[in-house]
Structure formats: C-alpha cells, structure tokens
Number of protein chains: 2
Amino acid sequence: MHIDDLETPVAVVDLDKLAANIDKLQGYLDEHHIANRPHIKTHKIPAIAHMQMQAGAVGITCQKIGEAEVMARAGIRDIFLPYNIIGGKKLERLMALAKTINLSVTADSEYTVKGLSEAAHTAGIELPVLIEFDSGGERCGVQTPEQAADLAWFISCQPGLKFGGLMTYPTNDKTDPFVQQVKALLAPKGLQVERVSTGGTRGMWQTHTHSQITEYRAGMYIYGDRNVITSGAMPQEDVAFKVITTVVSRPTADRGIFDGGSKTFSSDLLGLTGHGLVVDYPDAHFYGLSEEHGHVDFSKCAIKPSIGERVTVIPNHCCVVTNLFNQIVGVRGNSVECVWDVAARGLLT
Amino acid sequence: MHIDDLETPVAVVDLDKLAANIDKLQGYLDEHHIANRPHIKTHKIPAIAHMQMQAGAVGITCQKIGEAEVMARAGIRDIFLPYNIIGGKKLERLMALAKTINLSVTADSEYTVKGLSEAAHTAGIELPVLIEFDSGGERCGVQTPEQAADLAWFISCQPGLKFGGLMTYPTNDKTDPFVQQVKALLAPKGLQVERVSTGGTRGMWQTHTHSQITEYRAGMYIYGDRNVITSGAMPQEDVAFKVITTVVSRPTADRGIFDGGSKTFSSDLLGLTGHGLVVDYPDAHFYGLSEEHGHVDFSKCAIKPSIGERVTVIPNHCCVVTNLFNQIVGVRGNSVECVWDVAARGLLT
C-alpha cells in the first residue's frame, strides 16, 4: 500500500530511521560500556522492544505493571519497573511477573519497601529493589544521600528483597555527587551500589560524562519529536515518527484546519509554542487544538495548502501521541510495510 | 466489588448521577421543544448512548466515522456527524453507514460537498448535509450568511444530497442573527432551514434564549468536570465522573505524587490552573504532570495524605480523560456495578 492510501490522521514510523536511531544509541552506549535499557513508554509495541533487545539492550524499562505484563508475554525476559508499586493486587501481579522474568523495581519509602518485602517473601522470591533519588526532577525519590543510605540498609534487611542500586531522572550535575556520597555511606556497612540507572533522551549523548552511571534508560530516542529536535539531541531529518493529517477546512485566507486535534496530538507543550512542526509548511503556526481539529495559521506561508491536501506534522511529544493511537504504521519510503498494535497502551495500572 | 478494591488509577462513573444528568438536560430541552442530540465524544460507550436515547434523545452526535460505526453496530439508528468528510475511503465508509441508519453530515466548502455528492450519488442515496458556520469559535465553518446561502444552494443542486440546515459551535449572540440572515437569503429561492444544530455543555441552560435553535448537542453534561463546574453549568456534587488515584510517594513534607499523570489526566488546562480538583484535599494544588505521575502540592492542607492513601480527582476535561482509558467503571455508592469498554476510543479516522 502507498502511504497516500492511509486514512488520516495516521501515525507513521519510518522503519529505516527507527532502526538507525536504535543502532546509534546502542553504539554510543556500547562504546562507553554503559548498559542500554530503553524505556518502552514511547512505543508500547513488543516488536520494537525486540528490535531494541536484538541491537544489544540488556533489558527494557516499563512504567506500569500492565506494560510489563504485555512485554513479558511477548517474550522480553528482563524488565525494570522504576515505580513505587503499592497495593495488594498490584503486588500480587508484580510477584507473578517476577517468577517468570528478571524483574527489578524501585522504591523511595519504607512504606513501599515493606509492601514489596511482604509480597516477595510470601511468593518465595528475591526481588532487586533500587532506590529512586531526586536529582532535581522534583517528582519521586529520596532527597538526600543519607536517606538513600538508610533506605538501602532497610531494604537489605527485609526478607524477600535485595538492594539493587540507585535510579534517578533526569541526569544532571547532581547525579554523580549524590551517588558517590551514597557509596561512601554504604561502604562501611559492606553494601555495594552495583547499578546506577539514569535516563532521558534529551541528554543521552552526555551520558558518558557522568562517571557513576552504569545503565541508561532513554525512550524517545527511537522516534524523536519536536521537543527532542529542540533539545539538540536529534536533527529533524532523523525523526522517525510523524502524523499525517488532511486539511479539512480553509475557512479564511490564512486559517487551515487539520483532521487531528487534542485526541491525536495531545495538549503537551513541553515548553514549546504551538502543537507541532508542520513539515511541509515550516512557517505555519499550529496554534490551537479542538478534540478532533487542529487549528493552523498559514499567514506566513507564501504558498498555502488546499482543502483535501495531506500535511505531515512532527508532534511536540511522541510518547503521549503514540498513546492516543491504537495502531502505528511502519513505512519504508512511501510504502506501508507493517501495522503494529500499540499493545501496551491504556494499561494504566 | 467495593470501590476500594479497584486498582488505581481508575476512572469511575457514579451511575445515579449519570442518570440524573441525562434526565435533567433531556427534561430541560423537552420543556423548550428543542431536540436533544447528545455528543458521544465524551463517553464513547454504546451503553450510555442507549441511556441517552431511552431518555428521549432524537439521535446522537459523533465526531469521527469510526465512532459512528461503533455506535451503529451497537444499534443506534440516527447519527449526526458534524465534520467535513474528505477522501475516497472515508466517503465509501460514510455511504455504507448511510445505507443502514439515518445519517447526516456537515460541510463548509464546495470541495467537501462535491466529494459527498459524488459518493452519495454513486451509492444511490440522498444524504442530508448541514452547513457549518463560524459563530466565533474560529474553527471550521463558512464566515458569512451569504457564503452559507450560496453553499446551501450549491448543496441543493448536487445529485445525492439534500440541504439539511445549519450547524455551529459555540452558541452565542451571533448565532440567531446569522441563522435569520441565511433564512432571509434562502427564502426567495424556496429553500427552508429546517434544522439548526448548536451545542456545548457550558451554555446548555441558555439554549432556550436562542430562538433559532432546533437541536442541541451537549457532550460533557453526562459526566461533568472541573471546567464544567467553573462555567457554572453544574455544581460539584452533580459531577458523575472521577479518577481515583493512589499516593505513591511523599518525598517532601509538602509534595505528594499520584499514580496518574498526563497519560491519565491529559494535559488539557482549558484556561484553568492545575490539572484537576483534588476532592478529598480541596486546598491541594495539582501543579504538575509526568506521563505516569501527578505532582501535587499539599502545603496549604492542614492534614496531608499518607503514602498508599487513595485520593479522588475531578479532572479538568472529562472528554480527553475518558479517551485515555480502555475501560470505565460504573459504581453505585461504594459498589462496582459494571465495567464498560470505551468502545469508540482511538478511532481517529
């Protein structure tokens, strides 16, 4: 099928660029002896996870148990779930998963650790638990090296658990000193920090400048988006993920309306102005979103699109856009080569 | 099952409030002899569409053909699709649908009308086409009554089509004068404007103050959200739709982290500050979103939640939140009564 025969709006992935992006980061991390553990939140597609594993990833990262369950069923055997897993049913599912694959998780509180310990002990397994620390993201995570060291010791004393190392996001100047301080605090107790996992596509090419990192989790690097381009981590020509829309209305001389809105592109701005980069009309301003309409100002474009014209957009944030589609279409040049179900989407628990 | 046994994040609908909201708008529109044609974009669930029909709706409104196909398969026999349907495959699907149910659509250009005419004529049907006009929403729609009258005449001359009336969103002071001017322009040609369809939950209780409206399309009125509360159209106690989250981290004295982020709540702000109303902690500020984490400032709350506590949130915009869930749970009091697939979600074409 020709790409022009796809009904719009449609999310397409350039398979050659996808493969090149996977290889490029793997090559970089291999060169610096850093384990690659890509985050599948971006694609949620088992076939792409297998491409990442075949390229050399040590395993994958998932954010929810439901995602990990899908990936495990599809044959991925090493999964990191950097999330505080809380609640009886979730812990039951987690332990069922831990019996079938190499699974590791994170915690940032004694509350989470106690729940994990009880469930792991009951299940008769030893679960590696990494400690999440806050390197400035102000999300989860212990706040100080002392808290991290105390929690590491606590984990090491709990039945069913094993202290697995440290994890944070984002990676920045605070990362190395924090890790070094935790190591210094734990050394007298004989506890090693064997694994230090950080992540982020925007800073991926600086990973080797942080001496303490042993493992890297990037997600968006496979696709790219307007946010990644703006960060300087990927040139526009390497972006593999795009949304093709159709102009369904030209109500005024300057205004054009796409057949995709907030239910296609999401409302994520990530600090950018506008809702995407209109590839065919780089001077267009994609200024507004209804749920199923995109509002675009073409006033600065010398030539403006006609009704019925297909226009390609690089979204602001690929992760939340793929999450809105049931399927993603793989293309090579102008030919459709495959259609992938976004199998792990909508699995919020 | 008790509501507390649901894994979080979970989207729940209070079935009593849902029924009351459906009845309340139906009663109001009945009283004023305005046809009720609810927009299913909010729920995308056939069972709720049937509740709306049983309450007295003349039909439903869908925004995409895929949604209409799901609803038609579920037995809904009258669907309005207020969208410029463009492209060969979509027109084929549209005509297949039009052969099985009462279907009407909109257009705002000769381009769209020509495509509809060719497809309808080939299919051997007569399709009602309403004209979308721009009442200030600055989305699609013809700009002037003269353009509307010209397009109405154009539609009436095309094989396979029938001029079906006028449609706009939002409803405001421009609506009545625009319709009256179109009527005056069309009267000499013998064309009637039999149907005038407008919509919007925020302004729904003012519908009767617009003399020209014959049909109303509201979507969010069944659920309600923070945006609808703020508009004054619904008191908080009538809101039927909520998201239950769990506090998975309390990294600092004031910060709490929910187990739902932009892939649960969307990033829609709709002019509001923050990402939702934290029902149990009304002084909390839900200030940030990661993809799977909600960032909340509890500094203004005298009592703050503990890790593991379940907290209920009224989202900013219910339509885009239901669109992120595969299933919605119907509850009565604290009991789970049903689980509905969001059957028409993700059908973007």
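**Cis peptides.** I began with B:Pro9, which lies in the segment before strand E1 (10-14) of chain B, and I found that a cis peptide bond joins B:Thr8 and B:Pro9, with omega about 0 degrees. I keep in mind that this is a predicted model, and that most peptide bonds are trans. I then turned to chain A, where a cis peptide bond joins A:Thr8 and A:Pro9, with omega about -5 degrees; A:Pro9 is found in the segment before strand E1 (10-14) of chain A.

**Backbone at B:His33.** I looked up phi of B:His33 and noted a value near 55 degrees, which is positive in a residue other than glycine. The residue B:His33 sits in the loop between helix H1 (15-31) and E2 of chain B.

**The sheet of chain B.** I followed the strands next and recorded an open sheet of eight, in the order E2-E9-E8-E7-E6-E5-E4-E3, with parallel pairing. At the edges I have strand E2 (35-36) and strand E3 (60-61) of chain B, each of which pairs on one side only.

**Helices H3 and H4 of chain B.** I took helix H3 (residues 65-73) of chain B together with helix H4 (residues 88-98) of chain B, whose axes come within 11 Å and cross at roughly 25 degrees. The crossing of H3(B) and H4(B) is left-handed. From H3(B) the contact is made by B:Ile65, B:Gly66, B:Ala68, B:Glu69 and B:Ala72, and from H4(B) by B:Lys90, B:Arg93, B:Leu94 and B:Leu97. I sorted the residues of this contact into five nonpolar, one polar and three charged.

**The two chains.** Last, I asked by what turn and what shift along the axis chain B can be laid on chain A. The turn is 180 degrees and the shift 0.0 Å, with an RMSD of 0.0 Å, and I therefore record the relation of a two-fold axis. In chain B the C-alpha nearest the axis belongs to B:Ser267, 2.6 Å from it. For the interface I noted that 100% of the interface residues of chain B are also interface residues in chain A, so the copies meet through the same surface.

Key
Residues are numbered from 1 along each chain as its sequence is written. Chains are lettered from A and ligands numbered from 1 in the order in which they are written. This is a predicted model: local features need pLDDT of at least 70, side-chain atom pairs count only at pLDDT 80 or more; totals for chains, interfaces and linings use all residues. Side-chain values use heavy atoms; hydrogens and water are left out. Copies are superposed by least squares on the C-alpha atoms of residues with pLDDT of at least 70 in both. Contact means heavy atoms within 4.5 Å. Axes are lines fitted to C-alpha atoms, for helices over the stretch in contact, and angles run from 0 to 180 degrees between N-to-C directions. Helices (H or I, at least four residues) and strands (E, at least two) are DSSP runs, numbered from the N terminus. A crossing is left-handed if the near helix is turned anticlockwise from the far one by less than a right angle, and right-handed if clockwise. Ala, Val, Leu, Ile, Met, Phe, Trp, Tyr, Cys and Pro count as nonpolar, Asp, Glu, Lys and Arg as charged, and the others, Gly among them, as polar. Two strands pair if DSSP finds at least two bridges between them.
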